Amino acid sequence: TYWLLALTMLPTIGGALVGTQMNLARVFAANPIMAPLIMFGVMMGGLFVVSALRNSAWGVAALFGFTFVAGVALTPILTYAAGFANGGQAVALAAGMTAVIFFALAGFATATKKDFSFMGKFLFIGLILLIVASLANLFFQVPAMSLTISAVAVLLFSAFILHDVSRIVNGGETNYVMATLGIFLSIYNLFTSLLHLLLA
């Protein structure tokens with residue numbers, strides 16, 4: 001799972017580079033509501049495809065395809081960061097903080113082998129509320145609400161890392177494609193939320 005997780009970073013970086021080269025940030029700026037909604041729909045469809053193919057070799061290909069699209073979705077925030085004199089430092093700091101949080105929580109879950117599956121229902125409800133709040137803020141565009149959502153997302157996806165690694169360690173998740181997807185989503189959302197807070 002960890003090897004596959006490391007490999008998913010390659011198409012993610014590739015997607016971000018392609019999105020930047022195509023100047024997709026301009027598309028998002030011109031369509032501040034529709035563009036994010038379409039990207040959200042594409043990513044949800046990607047999740048469905050990965051889940052449907054999880055038991056075949058095509059599942060890995062679908063996973064790489066999804067992470068490529070996820071990389072493309074990073075284009076707006078990375079382009080925004082590039083507009084700051086220290087934008088590169090902010091991106092590097094967000095990546096470093098994400099790595100530290102991931103390795104600390106994954107190490108804790110692996111070393112203790114404690115079962116954190118009881119957190120599942122609470123995390124799922126929290127995720128639904130976070131998605132609803134994020135979609136609502138696309139229309140209202142309230143800066144304070146956006147920062148609050150990012151702060152809550154940092155806590156939520158940190159807890160998801162603990163939950164997902166615990167399930168892998170304790171045999172709750174035996175499909176390596178879905179295990180990788182779960183951890184990737186937590187790391188991805190943790191990184192974007194931290195970067196958003198740092199840029200603010």
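This is a predicted model: local features need pLDDT of at least 70, side-chain atom pairs count only at pLDDT 80 or more; totals for chains, interfaces and linings use all residues.

Modeller: In soluble globular proteins, nonpolar side chains tend to be buried together. Here the largest nonpolar core has 48 residues, and those with the most contacts inside it are Met43, Phe102, Tyr188 and Leu195. Helix α9 supplies the largest share of this core, with 11 residues.

Colleague: Which residues does Phe102 touch, leaving aside those up to four places away in sequence?

Modeller: With those neighbours set aside, Phe102 touches Tyr2, Leu5, Gly107, Ile161, Ile183 and Ile187.

Colleague: How should I read the angle between two helices, and at what angle do α8 and α9 pack?

Modeller: The angle is taken between N-to-C directions, and a value over 145 degrees counts as roughly antiparallel. Helix α8, residues 143–169, and helix α9, residues 176–199, pack at about 155 degrees, with their axes 8 Å apart. That angle is why α8 is described as roughly antiparallel to α9. The crossing in which α8 passes α9 is left-handed, and the contact of α8 with α9 has 15 nonpolar, 8 polar and 1 charged residues.

Colleague: What does the packing of α6 with α8 look like in those terms, by angle and by distance between axes?

Modeller: For α6 and α8 the angle is about 40 degrees and the axes are 9 Å apart, while the crossing of α6 and α8 is right-handed. From α6 the contact includes Phe102, Leu105 and Phe108, and from α8 the residues that α6 meets include Ile161, Leu162 and Val165. By class, the residues of the contact of α6 with α8 divide into 10 nonpolar, 3 polar and no charged.

Colleague: Is Ser186 buried or exposed?

Modeller: A residue counts as buried when its relative accessible area is under 20%. Ser186, which is found in helix α9, has a relative accessible area of 2% and is therefore buried. Not counting residues up to four places away in sequence, Ser186 touches Phe157, Phe160, Ile161 and Asp164.

Note on methods:
Residues are numbered from 1 along each chain as its sequence is written. Side-chain values use heavy atoms; hydrogens and water are left out. Axes are lines fitted to C-alpha atoms, for helices over the stretch in contact, and angles run from 0 to 180 degrees between N-to-C directions. Helices (H or I, at least four residues) and strands (E, at least two) are DSSP runs, numbered from the N terminus. Angles under 35 degrees count as roughly parallel, over 145 as roughly antiparallel, 65 to 115 as roughly perpendicular and the rest as oblique. A crossing is left-handed if the near helix is turned anticlockwise from the far one by less than a right angle, and right-handed if clockwise. Ala, Val, Leu, Ile, Met, Phe, Trp, Tyr, Cys and Pro count as nonpolar, Asp, Glu, Lys and Arg as charged, and the others, Gly among them, as polar. A nonpolar core is a set of buried Ala, Val, Leu, Ile, Met, Phe, Trp, Tyr and Cys residues joined through side-chain atoms within 4.5 Å. Buried means under 20% relative accessible area, exposed over 50%, partly exposed in between (1.4 Å probe, protein chains only). Contact means heavy atoms within 4.5 Å.
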